[in-house]
Amino acid sequence: MRLLNLSTSLICLLLIASLPARADVTPEAEKLLAQLSEAGATLKSVSINGTVTNDFDVSGMKDHSTREFQSSWIDTGAFRQSVKDDAVMGYTGEKLYQLELRGNRYAQLDAKSPPRQFPEDVRSFLLGQNPQLLLVGQSDAAAIVKKTFPTITTGPSEKLADREVDSLILSNENRVVTMLADPKSHFLRQVRIDVSGQLKQRGATAINKALITIAYTRVEPDAALKPEQFAWTPPEGARNMADDKPGENFAAKALEGKPAPAFSLKSLDGKDVSLADFKGKVVVADFWATWCGPCVVSLPHLDKLAQDRAKDGLVVLALNQQEEKDTVQAFITKQKLSLNVLFDSEGTAAKDYLVEGIPQTVVIAKDGVVKKVFQGFNPNDGGKALDDVVADALKQ
């Protein structure tokens with residue numbers, strides 16, 4: 001089980017390639033990195049508040065969103081990080097856990113480590129999501145950073161809010177991280193993570209911006225924290241991911257058997273189309289994008305399904321995810337598709353439908369209740385599982 005399966009509102013930076021054992025670190029960077037590490041070496045606890053902002057413009061898909069987070073750590077090795085409306089992750093010193101708030105599901109595993117030393121999964125997560133917590137929580141924080149980034153230099157000082165800050169630049173083939181630190185306290189004030197390289201490796205094109213910015217609004221060293229604050233018990237009604245069947249380990253499964261979230265979106269011809277317009281019909285809502293390989297493979301099947309079963313009362317809605325109209329129109333024309341395309345331009349419908357990955361295909365029964373949610377497309381199945389669910393819904 002891979003514990004750290006983060007939602008799409010955040011970029012999960014866990015895949016760290018094999019890198020040289022020794023980093024190329026300039027003397028100035030070595031000194032600054034040591035100061036950042038030493039600032040947390042003697043702390044007994046820390047409480048941190050801040051924001052995480054995604055700023056992406058990739059292949060016509062744009063996302064500019066900000067979420068607040070709160071973190072705390074104590075020198076037993078335990079920590080807890082909560083991202084508003086997204087996820088809670090923590091480590092009790094013996095157990096590592098993650099709770100996904102949108103789907104109310106969790107994962108946990110045993111992971112004992114000595115004080116001031118996180119398990120490897122936690123180190124990877126924090127280096128991409130909250131480096132300050134890594135710097136105060138590890139006795140060998142500087143070594144971890146140098147192991148991950150083959151090139152470490154200092155940049156010019158920057159003016160951030162009310163003061164000048166020091167700049168440390170870390171880079172590898174996947175990303176470039178700029179850490180801005182207070183020259184007196186040596187605590188981080190801001191971290192900018194450019195993940196363009198990582199997206200290119202995954203096949204993304206037209207990358208205009210791919211930036212994550214972590215802004216620290218408060219870092220309180222030696223905060224009054226107690227060990228019992230880091231205890232973990234799954235909340236009532238939460239689903240253990242370990243109980244999920246293969247291929248069904250995603251948050252949107254929680255929608256099944258519940259009323260489908262309402263939406264009203266623009267169509268290709270500029271008209272307003274609402275889910276409520278199709279009351280009494282079976283609706284298939286498919287979340288997709290032109291840059292998504294499995295989506296491209298699945299769309300012809302959905303197009304044929306829509307044509308074959310329209311007379312039986314089936315409606316297929318293709319909810320495009322945050323792409324430009326011209327890009328989508330050109331794709332639909334080239335592929336000779338007749339699907340009813342809607343623009344989920346702000347990603348609001350995807351959020352309501354707990355979309356973590358695309359394609360995600362939702363079958364909504366005549367009574368407006370979600371009958372089945374599919375994630376991905378299995379070419380070996382050829383869409384038969386979807387066809388069977390649709391056929392059953394049309395009979396009811």
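Predicted model: local features only at pLDDT ≥ 70, side-chain atom pairs only at ≥ 80, totals over all residues.
Contact here means heavy atoms within 4.5 Å. Helix H7 covers residues 325-335, and its buried residues are Val 328, Phe 331 and Ile 332. Viewed along the axis of H7, these buried residues fall within an arc of 95°, so they line one face of the helix. On the face of H7 turned away from the buried side, the exposed residues are Asp 326, Thr 333 and Lys 334. The cover over the buried residues of H7 includes strand E16 (282-288), helix H6 (293-309), strand E17 (314-321) and strand E18 (340-344). Just after H7, Lys 336 adopts a positive phi of about 60°.

Strand E16, part of that cover, deserves a look of its own. Seven of the seven residues of E16 are buried, so this strand is largely enclosed by the rest of the structure. Val 282, Val 284, Asp 286 and Trp 288 point one way from E16, while Val 283, Ala 285 and Phe 287 point the other way. With E17 the pairing is parallel, over seven bridges, and Phe 287 has Leu 319 of E17 as its bridge partner. With strand E19 (residues 360-364) the pairing is antiparallel, over five bridges; here Val 283 has Ile 364 as its bridge partner.

Aromatic rings come next. A pair of aromatic rings is described by the distance of the centres and the angle of the planes. The model holds seven aromatic pairs. In one of them, the rings of Tyr 97 and Trp 232 have centres 4.0 Å apart and planes at 5°, so the pair is stacked. Tyr 97 belongs to strand E6 (residues 95-100) and Trp 232 to the loop between strand E12 (207-221) and strand E13 (239-240), so the pair ties together parts that are 135 residues apart in sequence. Because buried means under 20% relative accessible area, Tyr 97 counts as buried at 2%, and Trp 232 counts as buried at 16%. Ring pairs also bring in Tyr 106, which forms a cluster with Tyr 97 and Trp 232.

Elsewhere, a charge meets a ring: the charged end of Lys 372 sits over the ring of Phe 374, 5.9 Å from its centre.

Methods
Residues numbered from 1 in each chain as written. Heavy atoms only, no water. Buried < 20%, exposed > 50% of the residue type's maximum accessible area, 1.4 Å probe, protein only. Helix = DSSP H or I, 4+ residues; strand = E, 2+ residues; numbered from the N terminus. Arc of directions from axis to C-beta. Phe/Tyr/Trp six-rings, centres within 6.5 Å; stacked < 30°, edge-to-face > 60°. Lys NZ or Arg CZ within 6 Å of the ring centre and 35° of its normal. Pairing = 2+ DSSP bridges.
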